[in-house]
Amino acid sequence: MRYKLSLIICLISLNLSAQAIQNEIDNQVWKPFCRSLMSLDTAKYMLLHDKELIRVERGNGKIYGYDIYRTNTKSGFEQSSILNKKNAGIKFEVELRFLERVATDKIAYEVGYYKSVITFPDGRISKYYSKFHVTLRKAKDKWLLLIDSSLPMPQLTEDEFMNAKGMHG
């Protein structure tokens, strides 16, 4: 009986620890990630990435380091900003959902879906989905994206997206 009780306490403790790590990652990386994307803030967005970043765009077979990814991100954000100014009233939203989250206190691997929704002033809505695989590293009490891989998923349905788990905390 004592063994079973110890095992249950150990499992509960491990689950609470994993949830605490995921909460920390959500608060340090994913929530600021979504905010910086929606506000097109390159500087804040890139602060979420390790300087040793490996960015893999699986759809077009490209791999970048931090500097090229920062340049590409800045260019993309500037183009989106110009589009927003031409089409005043565009609303841009980002949401993430998770299929798998595995973490220790220093490294994490996560797989999930990314959804962006663009609502135009005339009411048209465009939704874009992709699947991501990331590895995060914690250094100096801060989680950062170390490896970021994504693949467009135009066939993904809203139901499939919503069946994945949302963020914690």
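**Ground rules.** I number residues from 1 along each chain as its sequence is written, and side-chain values use heavy atoms, with hydrogens and water left out. As the model is predicted, local features need pLDDT of at least 70 and side-chain atom pairs count only at pLDDT 80 or more, while totals for chains, interfaces and linings use all residues.

**Entry 1: aromatic pairs.** I searched the whole structure and found eight aromatic pairs. Rings of Phe, Tyr and Trp (its six-membered ring) pair if their centres lie within 6.5 Å; planes under 30 degrees apart are stacked, over 60 edge-to-face, and the rest tilted. I looked up Phe33 and Tyr45: their ring centres are 5.3 Å apart and the planes meet at 45°, so I noted the pair as tilted. Phe33 belongs to helix H1 (residues 2-38) and Tyr45 to helix H2 (residues 42-46), so this pair ties together parts twelve residues apart in sequence. Helices here are DSSP runs (H or I, at least four residues), as are strands (E, at least two), numbered from the N terminus.

Entry 2: Tyr69 lies in helix H3 (residues 66-86), so to speak a distant part of the chain from Tyr45 in H2, 24 residues apart. I checked burial (buried is under 20% relative accessible area, exposed over 50%, partly exposed in between; 1.4 Å probe, protein chains only). Phe33 and Tyr45 are buried, and Tyr69 is buried too. One aromatic cluster holds Trp30, Phe33, Tyr45, Tyr69, Phe77, Phe98 and Phe132.

**Entry 3: charges over rings.** I counted NZ of Lys or CZ of Arg within 6 Å of a ring centre and within 35 degrees of the ring normal. The charged end of Arg101 sits over the ring of Phe98, 3.9 Å from its centre. For Arg124, the charged end sits over the ring of Phe120, 4.2 Å from the centre.

**Entry 4: the core.** Which residues touch the most other members of the largest nonpolar core? Among its 26 residues, they are Ile25, Trp30, Phe33, Leu96 and Leu136. (A core joins buried Ala, Val, Leu, Ile, Met, Phe, Trp, Tyr and Cys through side-chain atoms within 4.5 Å.) Elements giving two or more residues include H1, H2, H3 and strand E3 (91-103). H1 gives the largest share, seven residues.

**Entry 5: Ile147.** Ile147 is in strand E6 (residues 142-152), and its 31% relative accessibility makes it partly exposed.
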